[in-house]
Amino acid sequence: MPAGRAPLCLRPRGVVRGAVLTLVFAGVLATGAATGALPREDDAGREPRNGAGDRAAFDRAALHRFAAEAAADGKSGKQAAEEFVSRSGDRWGAVYDRREYAEFERSLDGAYTGVGLSAGAADDGIRVTRVRSGGPAERAGVRVGDRLLAVGGRATDGRSASEVVSLLRGDGVPGSTVALRIRRGGMTWTQTLRRERLATEPVTVTRPDARTVVIRVAAFSKGVGARVREAVRTAPAGAGVLLDLRGNPGGLVDEAASAASAFLDGGLVATYDVEGEQRAVYAERGGDTGRPLVALVDGGTMSAAELLTGALQDRGRAVTVGSRTFGKGSVQMPSALPDGSVAELTVGHYRTPAGHEVDGRGIAPDLPAEEGAEERARTVLSGLGGGS
């Protein structure tokens, strides 16, 4: 997926975005928002409702005042907003200037400027979670699991995921460079990478044998749901589907719901709240409910990908195999600030059809498997009547 924040993308089109802020494709704002107008200025100042939305509504109104006061004093409204978000304790809060947010929106079309790696927050700091084949990071020898100590000469310790993403992204100009301070085991070194314009391939379909179709979804960017449905529709009769969601940082929630529609005949996909108001996401009717299905997940499965996983698991449609998912189940709402920058604060959380919260917990697979997870998944699929 186009890079950027890792982090989800819980954002029904034109409403809110679930930032996938933990997983970042270095170079752009990544996963998750949807197109559509930002909330009106008066939305941020409306009276907070009772319940879960009180703090979020208050914070957004206070943020606007803080940024406006800074601008009136001749200071940077964006920097003031970043300071406010940092102090708020909102793990997924973020602030972007006009250019950054525009790049983020463009990234949803499947192309981005970056160095070809994803990074996520770990207990000991920021670590590389994926390296794109053939990208600048892979060519430089960067590996999954490497710890990022500094980006562009700035230490990552104490920085939020969105701040690190901003440093990785830089000016978003192909050909610009960024120096990464990397630690691997007992070795520490600095590696300079040159950003490139990279295209993503969010869905790949392979048929290792006549009875198995492997659908790998790298991220839920625009058009992914339709591609998953088409892959299922054209799969050979009697073939089972292995849905590989490993390392998927999320994306557009409506695309995840569209993908769910390939396997479900309508019904609930997830519920979520926005400032105390309860909402729901539903699958379309007419999906293939009989084809054997196994979903393969891991600790890099996040946000919208967790939403899909939870729906398939709770509704008994798929056997899930792998390791516990990341646990990114919060919803962010974008708000335009007086200087044209955009701030996003957490306003709610989503739940699976059975009512399980995902944020901070993740989803435990039906069959745990660390090493050899794909082989285990294929064995399970075969037992369900699909696969070799």
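The buried residues of helix α9 are covered by a set of elements that includes β13, α8 (253–260), β14 (267–274), β16, β17 and β19 (342–351). Of the 11 residues of α9, 10 are buried, so the helix is largely enclosed by the rest of the structure. The buried residues are Ala304, Ala305, Glu306, Leu307, Leu308, Thr309, Gly310, Ala311, Leu312 and Gln313. For comparison, most residues other than glycine have a negative phi.

In soluble globular proteins, nonpolar side chains tend to be buried together. Phe220 gives a close view of such packing. Setting aside neighbours within four places in sequence, Phe220 is in contact with Ala304, Ala305 and Leu308, among others. Its other contacts include Leu245, Leu252, Ala256 and Ala259, together with Asn248, Gly250, Gly251 and Glu255.

Six strands form an open sheet in the order β11-β12-β13-β16-β17-β20, and the pairing is mixed. At the edges stand β11 (203–209) and β20, each with a single partner strand, so one side of each is left without a neighbour in the sheet. Strands of a sheet pair through backbone hydrogen bonds, either parallel or antiparallel. β17 and β20 pair in the parallel sense, over two bridges, and Gly322 stands opposite Pro368 in β20.

Helix α10 packs against strands of this sheet. The buried residues of α10 (residues 373–383) are Ala373, Ala377, Val380 and Leu381. Seen down the axis of α10, these residues fall within an arc of 100 degrees, so they line one face of the helix. They pack against β12 (212–217), β13 (240–244), β16, β17 (319–322) and β20 (367–368). The face turned away from the buried side carries the exposed residues Glu375, Thr379 and Gly383. After α10 comes Gly385, with a positive phi near 110 degrees.

Arg291 lies in the loop between β15 (277–283) and β16 (293–297). Its relative accessibility is 12%, and because this is under 20%, Arg291 counts as buried. A polar atom of the Arg291 side chain lies 2.8 Å from the backbone oxygen of Ala239. Not counting residues up to four places away in sequence, Arg291 touches Val232, Ala235, Pro236, Gly238, Ala239, Gly240, Val241 and Arg317.

β6 pairs with strand β5 (residues 125–131) in the antiparallel sense over two bridges, and Leu148 is the bridge partner of Ile126. With strand β8 (residues 177–184), β6 pairs in the antiparallel sense over four bridges; here the bridge partner of Val151 is Leu180. Two bridges also join β6 to strand β7 (residues 154–155), again running antiparallel, and Val151 stands opposite Arg154 in β7. β6 and β7 form a hairpin with two residues between them, and Gly152 in the turn has a positive phi of about 65 degrees.

Finally, a word on confidence. The mean pLDDT of the chain is 80, and 81% of its residues reach 70 or more. Over residues 1–54, however, pLDDT stays under 50, although the model has 269 contacts beyond four places in sequence for these residues. Where pLDDT is low, the predicted coordinates should not be read in detail.

Terms used
Residues are numbered from 1 along each chain as its sequence is written. Side-chain values use heavy atoms; hydrogens and water are left out. Contact means heavy atoms within 4.5 Å. Buried means under 20% relative accessible area, exposed over 50%, partly exposed in between (1.4 Å probe, protein chains only). A polar contact is a pair of N or O atoms within 3.5 Å; within protein, one must be able to donate a hydrogen and the other to accept it, and residues adjacent in sequence count only if both atoms are side-chain atoms. The arc is that of the directions from the helix axis to the C-beta atoms. pLDDT is the predictor's confidence in each residue, from 0 to 100. Two strands pair if DSSP finds at least two bridges between them.
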